[in-house]
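Here is a short briefing on charged pairs and nonpolar packing. Have a look at the model first, then read on.

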Amino acid sequence: MSRQKRDPLFGAAVLKVSFGMRPDGNSEGFRFVYEGVLRDLGITDEEVEAYLEKNREAVMAAARGKL
């Protein structure tokens, strides 16, 4: 298993980007799931955003199913 697939920030970032690609990406359902994932992983949206800034290419590739 690759390091990225075990990284909670990577997983949360892929989740956020994946939902963002959908027309209803910022729906109440997404927020509910996303906030629960953040809580379970013990991370914040700010940490996910910072991770995205540094790793956008890899996250986008994973969100598109190319990893």
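This is a predicted model, in which local features need pLDDT of at least 70, side-chain atom pairs count only at pLDDT 80 or more, and totals for chains, interfaces and linings use all residues. Residues are numbered from 1 along each chain as its sequence is written, and side-chain values use heavy atoms, with hydrogens and water left out. A search of the whole structure turns up four salt bridges (a side-chain nitrogen of Lys or Arg within 4 Å of a carboxyl oxygen of Asp or Glu).

**The network around Lys 16**

- Salt bridges link Lys 16, Asp 45 and Glu 49 into a network.
- Asp 45 pairs with Lys 16 at 2.6 Å, N to O. Because Asp 45 belongs to helix α4 (residues 45-63) and Lys 16 to helix α2 (residues 8-20), this pair ties together parts that are 29 residues apart in sequence. Helices here are DSSP runs of H or I with at least four residues, numbered from the N terminus.
- Glu 49 also forms a salt bridge with Lys 16, at 2.5 Å, N to O. Glu 49 sits in α4 and Lys 16 in α2, so this pair joins parts that are 33 residues apart in sequence.
- Lys 16 is buried, with a relative accessible area of 17%. Asp 45 is partly exposed at 23%, and Glu 49 is partly exposed at 30%. Buried means under 20% relative accessible area, exposed over 50%, and partly exposed in between, using a 1.4 Å probe and protein chains only.

**A pair within helix α4**

- The side chains of Arg 56 and Glu 53 form a salt bridge at 3.6 Å, N to O.
- Both Arg 56 and Glu 53 lie in α4, three residues apart, which is about one turn of the helix.
- Arg 56 counts as partly exposed at 37% relative accessibility, while Glu 53 counts as exposed at 60%.

**The nonpolar core**

- Which residues touch the most other members of the largest nonpolar core? They are Val 48 and Val 59, in a core of 18 residues.
- Helices α2, α3 (28-41) and α4 each supply at least two residues of this core.
- A nonpolar core is a set of buried Ala, Val, Leu, Ile, Met, Phe, Trp, Tyr and Cys residues joined through side-chain atoms within 4.5 Å.
- Leaving aside residues up to four places away in sequence, Val 48 touches Leu 9, Ala 12, Ala 13, Lys 16, Tyr 34, Leu 38 and Ile 43, where contact means heavy atoms within 4.5 Å.
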